[in-house]
Amino acid sequence: MKNDENPTKRVLQYPDGQTVTCLDQGTDANGEYLIVEHRIIRQGAVNGPHWHPDLKESFTVIEGQIRFRVDGEDIIAGPGDKLTVFPKQVHQFWKEGDDPLVMIHEIRPPGLHWHMFALIHKLECEGKMNRHGIPRNPLWLGLAWEAMDGYLSGPPTVVQRLVLGGLARLAKAFGYRV
């Protein structure tokens, strides 16, 4: 299967036991969507602060506990809790507690999100990530940035487009692929 094909029912299994499972992808009356299940074992940050110009992400916690920070406000969520992050909201997540975290994550429109999950999985399995979950190689970093369909919180967007977008273009020119 190519990474740009429909990944429905595909499971990405990480070395630490974490999984990302594509549950569904398609189009409905509200547009294109991707629904994945995250099963996270490791406590701590899941990602860094970032935002998406066009994506809406909805999360439903099934098991465990997670801390969301959305536009500077911390929200602790447990089983049955739901949270929606709208376009342009800066957000970040942390797995809390010792119990595994299981949550359903809906992305509308999906953009390159499955590609991002597959790329991060590949890099993690190949030992190409640092202990903070960031690709060690700047070219992989550029591709990961491009696939997140958004921007890091902090650096100006024009700088990110020039530097990280430039690294992504260079990576593609050198044949980097998921």
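The lining of the largest pocket comprises 21 nonpolar, 14 polar and 5 charged residues. This description rests on a predicted model. The chain contains 3 helices and 12 strands.

**Largest pocket**

- The volume of the largest pocket is about 1,200 Å³.
- Its lining is made up of 40 residues, and those closest to the pocket centre are Val 46, Asn 47, Gly 48, Ile 120 and Gly 133.
- Two or more lining residues come from each of strand S3 (31-40), strand S4 (44-45), S6, strand S11 (101-108), helix H1 (113-125) and helix H2 (138-147).
- Among the contributors to this lining, H1 gives the most, with 5 residues.

**Second largest pocket**

- The second largest pocket has a volume of about 180 Å³.
- Its lining consists of Leu 112, His 115, Leu 119, Trp 140, Leu 143, Glu 146, Lys 172, Tyr 176, Arg 177 and Val 178.
- H1 and H2 are the elements that supply two or more residues to this lining.
- H2 provides the largest share of the lining, namely 3 residues.
- Sorted by class, the lining of the second largest pocket holds 6 nonpolar, 1 polar and 3 charged residues.

**The chain as a whole**

- The radius of gyration of the chain is 16 Å, which agrees with the value near 16 Å that a compact globule of 178 residues would have.
- Along the principal axes, the C-alpha atoms fill a box of roughly 45 × 40 × 35 Å.
- Of the 178 residues in the chain, 39% are buried.
- Among contacts with a separation of 6 or more, 64% are between residues 24 or more positions apart.
- The chain exposes about 9,300 Å², and carbon and sulfur atoms supply 53% of that area.

**The setting of Gly 64**

- Gly 64 lies in the loop between strand S6 (56-63) and strand S7 (65-70).
- Gly 64 counts as buried because its relative accessible area is 19%, and the cut-off for buried is under 20%.
- Beyond its neighbours within four places in sequence, Gly 64 is in contact with Ala 77, Gly 78, Pro 79, Pro 100 and Leu 101.
- Phe 117 is 53 residues from Gly 64 along the chain, and the C-alpha atoms of the two residues are separated by 21 Å.

Definitions and conventions:
Residues are numbered from 1 along each chain as its sequence is written. This is a predicted model: local features need pLDDT of at least 70, side-chain atom pairs count only at pLDDT 80 or more; totals for chains, interfaces and linings use all residues. Side-chain values use heavy atoms; hydrogens and water are left out. Helices (H or I, at least four residues) and strands (E, at least two) are DSSP runs, numbered from the N terminus. Buried means under 20% relative accessible area, exposed over 50%, partly exposed in between (1.4 Å probe, protein chains only). Contact means heavy atoms within 4.5 Å. On a 1 Å grid over the protein atoms alone, a cavity is a set of points where a 1.4 Å probe fits but cannot get out, and a pocket is an open set with protein on both sides within 12 Å along at least five of seven lines; lining residues have an atom within 4 Å of a point. Grid points are joined across faces, edges and corners, and a volume is the space filled by probe spheres set on the points. Ala, Val, Leu, Ile, Met, Phe, Trp, Tyr, Cys and Pro count as nonpolar, Asp, Glu, Lys and Arg as charged, and the others, Gly among them, as polar. The radius of gyration is taken over C-alpha atoms; the globule rule is 2.2 Å times the number of residues to the power 0.38. Accessible areas come from the Shrake-Rupley method with a 1.4 Å probe; for residues, only the protein chains shown count as cover.
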